[in-house]
Amino acid sequence: MTSKQYKIVKLVATIFIAIVFAQAIVLKNYLIPIILLIIIALVLLVLRRKVKDIIADERDYAIGGKSALLTIQIYSWIAVVVMVVLYSLRDSNPFYEIVGATLAYSTCLLMLLYSIIFHFRSKTKFSEK
Amino acid sequence: MQNRIKEFRNKLNITQEELAQKSKVRRETIVFLEQNKYNPSLLLANNVAKALNTTIEKLFIFDK
């Protein structure tokens, strides 16, 4: 399998998952899309191993790492500002507090995950893969 | 850091795609290397040098 074929399969799978999730919200059935997501993720994982071309190399990983770090930093700042604004306006709409809390906890989880993974990767032998 | 990858590649008459496959990277990485827009790791530099039948010292010019 070539990398181009894999990208097409991945794109089709993503579109299919999006359609199924949209329908699941309408039909209020959340089990099927979750099962489908797991199955498709496993299928894509298997297909990726069969790709003979190089999908990503050290340059992609380096750029991806820097991009991810900057994204986390920007997202965290935006989330904190939005959270504070929402909390300050919670008297006008009670849902603001729920959204603010969700933002706060998701940001904390993101930063916690980043710290754990960074700590783990810095302790293990560094390799390009 | 400058390099002579394009010069050595043309001497051996191989394409960027062939060099990329021998070096186990994508063609885009070879393009960026030749344009001096990317500094490779030691491993990649060694792989490229081997693929071009030369050494790192001859292939890469370190700025003083």
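Q: How many salt bridges does the structure hold over all chains?
A: This is a predicted model, and six salt bridges are found in it over all chains.

Q: Which pair crosses between chains, and where do its two residues sit?
A: The crossing pair runs from B:Arg26, in the loop between α2 (16–23) and α3 of chain B, to A:Asp60, in helix α3 (residues 58–88) of chain A.

Q: Why is the meeting of B:Arg26 and A:Asp60 called a salt bridge?
A: The side chains of B:Arg26 and A:Asp60 meet at 2.9 Å, N to O. The rule asks for a side-chain nitrogen of Lys or Arg within 4 Å of a carboxyl oxygen of Asp or Glu, so this Arg and Asp pair qualifies. As background, side chains of opposite charge can pair when their charged atoms come close. Across the interface of chain B and chain A, the rule finds one salt bridge.

Q: What else links chain B and chain A as polar contacts, counted in residue pairs?
A: Five residue pairs are in polar contact between the two chains, with both residues at pLDDT 80 or more. On the side of chain B that touches chain A, α3 (27–34) and α4 (42–51) each supply at least two residues.

Q: How do you know that chain B and chain A bury area between them?
A: Buried area is what two parts lose on being put together, summed over both, and here that comes to about 840 Å², 47% of it on carbon and sulfur atoms. In chain B, the residues losing the most area to chain A are B:Arg26, B:Thr29 and B:Tyr38, together 55% of what that side buries.

Q: What makes the nonpolar surface patch, and which helix gives the most to it?
A: A:Ile25, A:Tyr30, A:Ile34, A:Ile38, A:Leu42 and A:Leu45 make this patch of about 620 Å². Helix α2 (residues 31–50) of chain A gives the most, with four residues.

Methods. Residues are numbered from 1 along each chain as its sequence is written. Chains are lettered from A and ligands numbered from 1 in the order in which they are written. This is a predicted model: local features need pLDDT of at least 70, side-chain atom pairs count only at pLDDT 80 or more; totals for chains, interfaces and linings use all residues. Side-chain values use heavy atoms; hydrogens and water are left out. Patches are made of residues with over 30% relative accessible area and no salt bridge: like charges are joined within 9 Å, nonpolar side chains (Val, Leu, Ile, Met, Phe, Trp, Tyr) within 5 Å. Accessible areas come from the Shrake-Rupley method with a 1.4 Å probe; for residues, only the protein chains shown count as cover. Buried area is the accessible area (1.4 Å probe) that two parts lose on being put together, summed over both. A polar contact is a pair of N or O atoms within 3.5 Å; within protein, one must be able to donate a hydrogen and the other to accept it, and residues adjacent in sequence count only if both atoms are side-chain atoms.
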